[in-house]
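Colleague: Before I plan anything around this model, could you show me how to read it, beginning with the ligand surroundings and then moving to the packing?

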Amino acid sequence: SRYFIINDFPQGTPERELFELQEAELSDLAEGEVRIRNTWLSVDPYMRGRMSGVKTYIDPFVIGEPLEGAAVGEVIESRDSRLAVGDKVRHMAGWRDIAQLAGDQAEPLPSIDVPEQAYLGVLGMPGMTAWTGLNRIAEMRDGDNVLVSAASGAVGSLAVQLAKAKGGTVVGIAGASEKLEWLESHGIKAVSYRDRDTQQLTEALKAACPEGFDVYYENVGGVCLEAALNTLRTGGRIAVCGMIAHYNAEQPAPGPSNLAMLLIQRLRMQGFIIFDHWADYGRFLEEVGPRVAKGEIDYAETVEEGLERTPDAFLALFEGANTGKMLVRL
Ligand code: NDP
């Protein structure tokens, strides 16, 4: 098996040299184990947190040990009666080509008619996160005006479409022009945060949605959060999903200068971690899965080819190089 390790806990933006490709001979399968040939690897922003050496809601990666992450693959050997050779599964032993693990750690892919890698994106953890954040955390209602940051990414690109289907004005914040175009082609008003300070972004958002927002789906932090606070209506709700602008910061950033807007506008701001909501994954699939299969909900992917490119794919998330889900195809 070939797999990636990190050789240190990075400060600031990780360097490519942090990641080393290693090779190890796998032992024979023990009773209950399966061997999987990974076909798709997921790279996700939360992995940066696992590289900090500190336990948060999840353990840090161990220096020198194989990195972990969501992956899809095919069973190539099985000593678990529930899984047969050829079965397609999802599991957490990513960042490697061949995975070997207890069979109960590998979950057969659901049977909705979508490409298998969709279970790492729109119908996987990021999709479930978008659905939960909007419906359960922000309690989005029909006709709500909704603002989403990192709006053309894995989570954001589903969030904007789910919000749009509820009938209000939906505005997405993103960086590069092709991402703004992707949003606009899906009926979403798109605003770039590039080269804009809080005041300028606030004005651009007000121009896109003069009545103000009922919901802000927060993926970024920093200037996006400050501008959002300036444009929420009385009683607005903020679902704090992520704050990617801060993940590589060497010093903690000062809080939003206009946090008083929470008070003035009687806003509610609530963070969430998707693992706490996983019992609802079946309901999410039932509701969103058929809409994806029918093409009513679109999703984009940015694909890097080959195991060697996994760290590059991961690092590119922080450059905004992906439209939709960032994936590695093996
Ligand atoms: P994305 O596919 O959205 O990729 C990350 C995107 O973030 C980039 O493409 C880039 O897009 C944007 N970005 C990166 N750096 C910055 C920056 N400094 N300022 C503004 N935008 C930036 O990733 P995901 O959809 O997987 O994740 C989105 C967010 O959701 C992350 O914050 C992640 O941590 C969070 N998350 C939280 C979960 C939870 O349980 N709470 C679960 C899953 C994800 P752009 O071109 O717009 O700059």
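Modeller: The shell around the ligand draws at least three residues from each of domain 1 (2-121 + 300-329) and domain 2 (125-275), where the domain bounds come from an automatic or database domain assignment. This is a predicted model, in which local features need pLDDT of at least 70 and side-chain atom pairs count only at pLDDT 80 or more, while totals for chains, interfaces and linings use all residues. Residues are numbered from 1 along each chain as its sequence is written.

Colleague: Which residues come nearest to the ligand?

Modeller: A residue is near a molecule if its C-beta atom, placed from the backbone, lies within 6 Å of it. Of the 30 residues around the ligand, Gly153, Ala154, Gly175, Gly242 and Gly320 come nearest. The elements that give two or more residues to this shell are α2 (125-137) and α3 (154-164), helices and strands being DSSP runs numbered from the N terminus (helices H or I, at least four residues; strands E, at least two). The largest share, three residues, comes from α3.

Colleague: Is helix α6 buried or exposed?

Modeller: A residue is called buried if 20 or more other C-beta atoms lie within 10 Å of its own, exposed if 12 or fewer, and partly exposed in between, with C-beta atoms placed from the backbone. Helix α6 (residues 222-231) is mostly covered, since eight of its 10 residues are buried, including Leu225, Glu226 and Thr231. These buried residues pack against several elements, among them β9 (170-174), α5 (198-208) and β12 (232-240).

Colleague: Why is Thr231 counted as buried?

Modeller: Thr231 is counted as buried because 25 other C-beta atoms lie within 10 Å. Leaving aside residues up to four places away in sequence, Thr231 touches Leu147, Thr202, Leu205, Lys206, Gly212 and Phe213, contact being C-beta atoms, placed from the backbone, within 7 Å.

How values were computed:
Two residues are in contact if their C-beta atoms, placed from the backbone, lie within 7 Å.
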